Amino acid sequence: MRRKTGTLQRVPVNVLELEGRSYLVSMRGQTHWVRNLRAAGRCALQKQGRRRDYLAVELCGEQQLYIIAAYRDRWQVQRFFGQMPSATDHPAFRLDPVEAKPIDA
């Protein structure tokens, strides 16, 4: 959701699946979706018509560097990282699934 208007924001992203976890990396740096994700702390991803909710945990230090390296290898996006060479220019988030709560009958 957008942090000012509260409206839904749709952004195509590449989700990195690594070692049983999901990650997002911003190739283009401090974008609006990054700021919105930081403010909300959660997101929903839709793939093949299925929606899943996640809590977003921003990574830093060695974790961030490791995920960025894996992301770059997976999608061959070096040109974006060449424009902003510092890893700190590319926010990275671990996505923890929010489990659906059972409906009380």
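Strands β3 and β4 form a hairpin with 2 residues between them, and Q48 in the turn has a positive phi of about 50 degrees. The structure is a predicted model, in which local features need pLDDT of at least 70 and side-chain atom pairs count only at pLDDT 80 or more, whereas totals for chains, interfaces and linings use all residues. Residues are numbered from 1 along each chain as its sequence is written, and side-chain values use heavy atoms, with hydrogens and water left out. Strands (E, at least two residues) are DSSP runs numbered from the N terminus.

The pairing of β3 with β4 is antiparallel and extends over 6 bridges; two strands are taken to pair if DSSP finds at least two bridges between them. Within this arrangement, R42 stands opposite L55 in β4. Q48 lies in the loop between β3 (42-47) and β4 (50-58) and is exposed, with a relative accessible area of 77%. Relative accessible area is classed as buried under 20%, exposed over 50% and partly exposed in between (1.4 Å probe, protein chains only).

A positive phi, near 55 degrees, is also found at E19, a residue other than glycine. E19 is located in the loop between β1 (15-18) and β2 (21-25). Because its relative accessibility is 63%, E19 counts as exposed. Most residues other than glycine have a negative phi.

V15 belongs to strand β1 and is partly exposed, at 24% relative accessible area. Beyond residues up to four places away in sequence, V15 touches S22, Y23, L24, L45 and W75, contact being defined as heavy atoms within 4.5 Å. The C-alpha atoms of V15 and V25, 10 residues apart along the chain, are separated by 7.9 Å.

Methods. Helices (H or I, at least four residues) and strands (E, at least two) are DSSP runs, numbered from the N terminus.
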